[in-house]
Amino acid sequence: MSLWQLYYHIVWATKERHPLIMPHKEPDFYDYMIGKSDALRCIVHAIGGMEDHIHLVVSIPPTLAIAEFVKNIKGSSSYYFNHSLTATSNKFAWQEGYGVFSLGSKQLEQAVNYVKNQKNHHLQGTTNSHLEKV
């Protein structure tokens, strides 16, 4: 096995920024994405967001392209949401595209704290505009 330490902060939004991720659905939805990431041999350090977007701090092995990771997580989580978490006619979908930022090991803790405290940052107006405009 090779040694690797790769950290990324990835952000993407719901289609047309519709507020579809309700707080009561977050735990199951996030657990699904963490499980899918585990299956891809990726490590989710933090996951969080708002009703219309999600942030992940994740380690992705060099054998997996970031674009493939995002495609896999977005596609499978959308399917999961529509078939397991919703009883309404609102079709869940992610917006095309995403933002990705590489992190050094010294930035990891700060990124994890930012993601875990998303709701507080939005409530208090202390969001990072570079991370929130995806």
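A: **The sheet and what lies across it**

The strands β2, β3, β1 and β4 form, in the order β2-β3-β1-β4, an open sheet of 4 strands with antiparallel pairing, where two strands pair if DSSP finds at least two bridges between them, and where strands (E, at least two residues) and helices (H or I, at least four residues) are DSSP runs numbered from the N terminus. At the edges stand β2 and β4 (99-103), each with a single partner strand, so one side of each has no neighbour in the sheet. Neighbouring strands are turned against each other by 15 degrees on average, direction ignored, the axes being lines fitted to C-alpha atoms, for helices over the stretch in contact, with angles that run from 0 to 180 degrees between N-to-C directions.

The model is predicted, and local features need pLDDT of at least 70 while side-chain atom pairs count only at pLDDT 80 or more, although totals for chains, interfaces and linings use all residues. Residues are numbered from 1 along each chain as its sequence is written, and side-chain values use heavy atoms, with hydrogens and water left out.

Strand β2 (residues 43-50) is joined to strand β3 (residues 53-59) in the antiparallel sense over 7 bridges, and the two form a hairpin with 2 residues between them.

Helix α1 lies across β1, β2 and β3, running at about 150 degrees to β2. Serine 37 has its place in this helix and is buried, with a relative accessible area of 0%. Leaving aside residues up to four places away in sequence, serine 37 touches Cys42, Val44, Phe69 and Ile73, contact meaning heavy atoms within 4.5 Å.

Helix α2 (residues 66-85) lies across β1, β3 and β4, at about 45 degrees to β1. Phe69 and Ile73, both touched by serine 37, are among the buried residues of α2, which also include Val70, Phe81 and Leu85. What covers the buried residues of α2 includes β1 (7-13), α1 (26-39) and β3.

Note on methods
Buried < 20%, exposed > 50% of the residue type's maximum accessible area, 1.4 Å probe, protein only.
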